[in-house]
Amino acid sequence: MTRSLPSVAVLLACTLVLPGCATLQQMSALRFVAFEFDHIGEVRLAGVPIGAGTRFTNLGVADAARIGAAISMRDVPFECDVHVRATNPVDNRVTARLVNVDWKLFLDERETVGGTMSRAVAIEPGRTADVPVAVRFDLMRLATGGARDVFDLALAIAGYGAVAKDVRLELVPTIDTTLGPIRYTSPVSVRRIAR
């Protein structure tokens with residue numbers, strides 16, 4: 001059985017266009033994903049966990065000694081996860097598949113550190129996913145004073161102190177498509193305003 005030339009042309013066009021349509025849908029899903037700052041968690045200062053109720057005065061002897069030793073060596077690692085909410089609107093028809101997020105962290109509008117989150121996150125239409133960005137840097141780059149000042153600065157960044165630092169993340173996500181990964185053309189900013 002033979003097919004007419006127009007029929008073959010239509011079939012060929014459909015074969016070429018359909019993957020492109022799927023890619024355009026995925027790109028559209030990426031464009032409309034909403035990113036919002038959620039919270040900072042899993043905070044550690046020189047390996048010492050810091051939580052909402054942690055204060056310098058209630059540190060144990062071993063923890064205080066660990067922080068003091070780090071300060072004396074001028075190397076005080078501050079680690080945390082900055083949690084970002086990524087919401088794929090319900091009217092999108094495809095799952096947004098984040099495969100990579102390049103990021104920069106700003107404290108009071110000062111660029112502090114950057115990196116890449118390479119954990120894949122799938123966000124179905126109408127759903128919100130947690131995107132944890134693991135941050136690590138030497139707090140001595142920002143701190144002045146002794147152990148109490150360094151500790152209070154860590155609390156301020158974490159949002160547990162009497163005051164909080166203005167924290168902003170600049171994100172450049174990459175989404176997976178049928179034609180390969182596609183990167184945002186401009187960064188998205190999420191922030192926690194100091195109170």
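Biologist: Is Arg 85 buried or exposed, or partly exposed?

Modeller: Arg 85 counts as partly exposed, at 28% relative accessibility. Buried means under 20% relative accessible area, exposed over 50%, and partly exposed in between, using a 1.4 Å probe and protein chains only. Keep in mind that this is a predicted model, where local features need pLDDT of at least 70 and side-chain atom pairs count only at pLDDT 80 or more, while totals for chains, interfaces and linings use all residues. Residues are numbered from 1 along each chain as its sequence is written, and side-chain values use heavy atoms, with hydrogens and water left out.

Biologist: What does Arg 85 form a salt bridge with?

Modeller: With Glu 36, and the closest N and O atoms are 3.7 Å apart. The two sit in distant parts of the chain, Glu 36 in strand S1 and Arg 85 in strand S3 (residues 77-87), 49 residues apart. A salt bridge here is a side-chain nitrogen of Lys or Arg within 4 Å of a carboxyl oxygen of Asp or Glu. Strands are DSSP runs of E with at least two residues, helices are runs of H or I with at least four, and both are numbered from the N terminus.

Biologist: And Glu 36, how accessible is that?

Modeller: Glu 36 is partly exposed, with a relative accessible area of 39%.

Biologist: How many salt bridges are there in the whole structure?

Modeller: The search finds 10. One of them joins Glu 109 to Arg 191, with the closest N and O atoms 2.9 Å apart. Glu 109 is in the loop between S4 and S5 and Arg 191 is in strand S10 (residues 188-192), so this pair ties together parts 82 residues apart in sequence. Through shared partners, salt bridges join Glu 109, Asp 166, Arg 168, Glu 170 and Arg 191 into one network.

Biologist: New topic, helix H2. Which of its residues are buried?

Modeller: Ile 67, Ala 70 and Ile 71. Seen down the axis of H2, they fall within an arc of 100°, so they line one face of the helix; the arc is that of the directions from the helix axis to the C-beta atoms.

Biologist: Why would that happen in a helix?

Modeller: An α-helix has 3.6 residues a turn, so residues three or four places apart point the same way.

Biologist: What's on the face turned away?

Modeller: The exposed residues Val 61, Ala 62 and Ser 72.
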